[in-house]
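Here's a quick tour of a single protein chain, written for someone who will want to click around while reading. Have the viewer open and follow along.

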Amino acid sequence: MSRRFAALRSFQTDLKNILPNPLLELQRASQSRGICDKDGYRLTGAPWGFQLAEVTSQNRPKVRTIGFQRVSEHGIDYLLLKKKRVAKDDWIALSYTEGIYPPPPGQTCEQWRAEGVVAEIDVENVLDTAPMGSFAQILAVARRERSVKGQPNDERNSLCEGQDKDSFIDEVAVLKAELENGNVDIGEIQEAVQVCRLMPSRMELMVSGGIWERFEYVRLDEEGNEW
């Protein structure tokens with residue numbers, strides 16, 4: 001049985017006109033599907049998420065779902081709660097699926113994969129375009145974490161593990177309104193929010209059909225845009 005979501009629309013990938021730069025192809029395709037604007041910034045309310053895989057400091061794998069903020073020739077930008085500084089040689093990978101599977105007759109779906117190093121960029125790069133709800137929830141968590149420092153473990157767990165969910169939802173709503181009205185200091189945002197950019201060295205595009213068509217891209221120059 002097909003899994004169909006209201007946010008998903010069917011499409012047909014034009015295999016003959018795929019761009020040689022995979023980041024620009026992902027940007028172009030996402031714009032054509034009403035997910036991002038011409039500069040690759042996520043449109044308000046657009047469902048645009050991917051699975052992020054990384055290795056923790058304990059050398060264990062970690063996978064989570066993250067929202068795209070922007071795709072450009074420079075890389076793939078996303079938001080996190082700031083926990084630690086990103087090391088220059090941190091490697092991550094992502095997987096992103098777009099479309100309905102199985103697709104209707106004559107239509108396609110796509111899976112993108114990317115791997116490479118990640119860097120931290122200034123929060124002001126996405127401040128005007130990232131969903132206020134994303135900022136608000138991250139800021140609410142950061143405020144709570146600051147408020148429970150030094151408290152016994154059971155009190156910290158009570159505040160940070162959702163036992164008072166209703167009050168937390170209220171806090172996020174208040175913060176969202178404050179952000180929309182410009183009443184949150186940029187310093188607090190920079191302290192709580194981490195904007196990361198994946199700069200892939202290798203990407204893959206899989207397109208459904210009679211067989212899955214596979215396109216592999218390898219960056220020729222680590223600092224350049226040639227693939």
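## The main nonpolar core

In this predicted model, the largest nonpolar core is built from 28 residues. Phe50, Phe68, Ile76, Tyr78 and Tyr96 have the most contacts inside that core. Helix 1 (22-32) puts in two or more residues, and so do strand 1 (49-55), strand 2 (61-72), strand 3 (75-81), strand 4 (91-98), strand 5 (110-121) and strand 6 (193-207). Strand 6 is the top contributor, with five residues. As a general background, nonpolar side chains in soluble globular proteins tend to be buried together.

Setting aside residues up to four places away in sequence, Tyr78 touches Phe50, Leu52, Ile66, Gly67, Gln69, Ile92 and Val118, among others. The list of Tyr78 partners also includes Gln194, Val195, Cys196 and Leu198.

Which residues of helix 2 are buried? They are Met132, Phe135, Ala136, Ile138, Leu139, Ala140, Ala142 and Arg144. Ser134, also in helix 2, is partly exposed, with a relative accessible area of 26%. The C-alpha atoms of Ser134 and Gly67 are separated by 9.1 Å, though the two residues are 67 apart along the chain.

Arg197 is part of strand 6. Is Arg197 buried or exposed? With a relative accessible area of 14%, Arg197 falls under the 20% cut-off, so it counts as buried. Beyond its neighbours within four places in sequence, Arg197 is in contact with His74, Gly75, Ile76 and Asp77, and also with Val117, Val118, Ala119 and Ile121. Gly75 is 122 residues away from Arg197 in sequence, yet the C-alpha to C-alpha distance is 5.9 Å.

Over in strand 4 sits Trp91. Leaving out neighbours within four places in sequence, Trp91 contacts Glu115, Gly116, Val117 and Ser201.

Two loop residues deserve a look. Most residues other than glycine have a negative phi, and most peptide bonds are trans. Asn59 has a positive phi of about 65 degrees although it is not a glycine. You'll find Asn59 in the loop between strand 1 and strand 2, and it is exposed, with a relative accessible area of 64%.

The other one is Pro102, in the loop between strand 4 and strand 5. Here the peptide bond from Tyr101 to Pro102 is cis, with omega near -10 degrees.

## Cysteines

How many disulfides are there? The count comes to zero, taking a disulfide as a pair of cysteine sulfur atoms within 2.5 Å. Cys109 is buried, at 1% relative accessibility. Cys196 is buried as well, also at 1% relative accessibility.

## The overall layout

Zooming out, the protein has five helices and seven strands. Read from the N terminus, the elements run α-β-β-β-β-β-α-α-α-α-β-β. Of the contacts between residues at least 6 apart in sequence, 66% join residues at least 24 apart.

Buried residues account for 37% of the 227 residues. The accessible surface is about 13,200 Å², and 49% of it belongs to carbon and sulfur atoms.

The average pLDDT is 86, and 88% of the residues score at least 70. Over residues 1-7, pLDDT stays under 50, and the model gives that stretch eight contacts beyond four places in sequence. Residues 152-158 also have pLDDT below 50, with five contacts in the model beyond near neighbours in sequence.

Notes:
Residues are numbered from 1 along each chain as its sequence is written. This is a predicted model: local features need pLDDT of at least 70, side-chain atom pairs count only at pLDDT 80 or more; totals for chains, interfaces and linings use all residues. Side-chain values use heavy atoms; hydrogens and water are left out. pLDDT is the predictor's confidence in each residue, from 0 to 100. Contact means heavy atoms within 4.5 Å. A nonpolar core is a set of buried Ala, Val, Leu, Ile, Met, Phe, Trp, Tyr and Cys residues joined through side-chain atoms within 4.5 Å. Buried means under 20% relative accessible area, exposed over 50%, partly exposed in between (1.4 Å probe, protein chains only). Helices (H or I, at least four residues) and strands (E, at least two) are DSSP runs, numbered from the N terminus. Accessible areas come from the Shrake-Rupley method with a 1.4 Å probe; for residues, only the protein chains shown count as cover.
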